[in-house]
Structures are given as structure tokens and as C-alpha cells.
Amino acid sequence: MPAADALPAADAEHNAADVMFLQMMIMHNGQGLELTGLAADRTVSEEVRLLAAAIDTTQREEVKIMQSWLGGWKEPTTASKDMTTHASHGGLPATGPEQIEALRNTSDANFEATFLNLLTGHQNSAVELTNLATDGVNPQTGDLAERIKESRADQVAQMLRLIGG
């Protein structure tokens, strides 16, 4: 029986689309983790705090899985630093350092609304990034992309409800 903390394995068969999707999603999740980390220390409603914590936990686990698969395939876990090479498939950062810094500097009175708006756009971009996996051949990567697409769409809907009041 596998250890409780064992990561799910991926079949060896993969192609460039599988690799690109995982690399881009690792980067995207890293940006999301920066955002959710800010909410932990700020004045937000309990519902927003719980949502941010759930997103943080999920995305940390996804990053571990994706890094494990890429490592098993002997592929780099990071995409090219020259993001212009990935622009044709949505490779530009969804949430740039300037936006994260602006959120960090937002007053407590405006933090929750700003956070929800920024994270809504960020998670919607994750839904779009799952399209990178369409041309992949690895079944586990495809399954992960589908789970990410569904969970992020649900999170976007929840955040839109919170924004709408």
C-alpha cells in the first residue's frame, strides 16, 4: 500500500504539450500562491479567508504533483524565462509582480474587493491555460487539466457571488 503522502504517478508517455501545460501551470499556481498568501494576513471575511486557504492548499498539492511528473520525465519544471516564446499559447503571466505589489499595498478597507477581483481574473486565466493540455498525450495530465478547469471555474463563480454581495 502506498504511503499516505505518495504523489500520484503519471504514465511515461508525454509530449511537448503535456510539458508546456505543466510548466505553465506551475508558474501560474506560484502567482496564485502569492495572492492567497496575502489574504492570510489581511482583514477579510471568514468566507474569503477560507476560500483563499482552500485555494492555497489545492495549488500547493498540484505544484508538487506537476513537479513530480516533470521530474519523472526528466523535463525541466520551469518554462523558459523568455515568456515571449510562450505568448502564442497564453504564456504571458496572468498576474504580474506589479499587480501583486499593488495588492500588497492596498488599504485594508479596499483589500478584499481588490483581492477578489484580481484572483477572479487569475483563476479564469487558469481555466484558459488548461487548453494547453488539449494536444497532450498523457492521460494523467489531461485528467489534471480537466480537474483544474472545473475547480477554477467553480472558484470564479464563488468569487463573483462574493463580489456581487
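**Helix packing in a predicted model**

Mentor: To start with one detail of this predicted model, helix 1 and helix 5 cross in a left-handed sense.

Trainee: How far apart are the axes of helix 1 and helix 5, and at what angle do they cross?

Mentor: The two axes come within 11 Å, and the crossing angle is roughly 35°.

Trainee: Why those two numbers?

Mentor: Because two packed helices are described by the angle between their axes and the distance between the axes.

Trainee: Which residues make the contact between helix 1 and helix 5?

Mentor: From helix 1, Asp 18, Phe 21, Leu 22, Met 25 and Asn 29. Helix 5 contributes Thr 141, Leu 144, Ala 145, Ile 148 and Arg 152.

Trainee: Stay on Leu 22. What is it in contact with, sequence neighbours within four places aside?

Mentor: Leu 22 touches Met 66, Trp 69, Leu 70, Trp 73, Thr 141 and Leu 144.

Trainee: OK, cores. How many residues are in the largest nonpolar core, and which have the most contacts inside it?

Mentor: That core has 21 residues, and Phe 21, Leu 22, Met 25 and Met 66 have the most contacts inside it.

Trainee: Which elements give two or more residues to this core?

Mentor: Helix 1, helix 2, helix 4 and helix 5 do. The largest share, seven residues, comes from helix 1.

Trainee: What does the second core include?

Mentor: The second core is separate and has 16 residues, among them Leu 35, Val 44, Val 48 and Ile 55.

Trainee: Switching to helix 4. Why does its end-to-end distance agree with its residue count?

Mentor: Helix 4 covers residues 108-129, which is 22 residues. At 1.5 Å a residue it should span 32 Å, and the end C-alpha atoms are 31 Å apart, so the two agree.

Trainee: What percentage of the residues is buried?

Mentor: Buried residues are 40% of the 165.

Trainee: What share of the contacts with a separation of 6 or more is between residues 24 or more positions apart?

Mentor: Those account for 85% of them.

Terms used:
Residues numbered from 1 in each chain as written. Predicted model: local features only at pLDDT ≥ 70, side-chain atom pairs only at ≥ 80, totals over all residues. Heavy atoms only, no water. Helix = DSSP H or I, 4+ residues; strand = E, 2+ residues; numbered from the N terminus. Expected span 1.5 Å × (residues − 1). Core = buried A, V, L, I, M, F, W, Y, C linked by side-chain atoms within 4.5 Å. Buried < 20%, exposed > 50% of the residue type's maximum accessible area, 1.4 Å probe, protein only. Contact = heavy atoms within 4.5 Å. Axes fitted to C-alpha atoms, helices over the stretch in contact; angles between N-to-C directions. Left-handed = near helix turned anticlockwise from the far one by under 90°.
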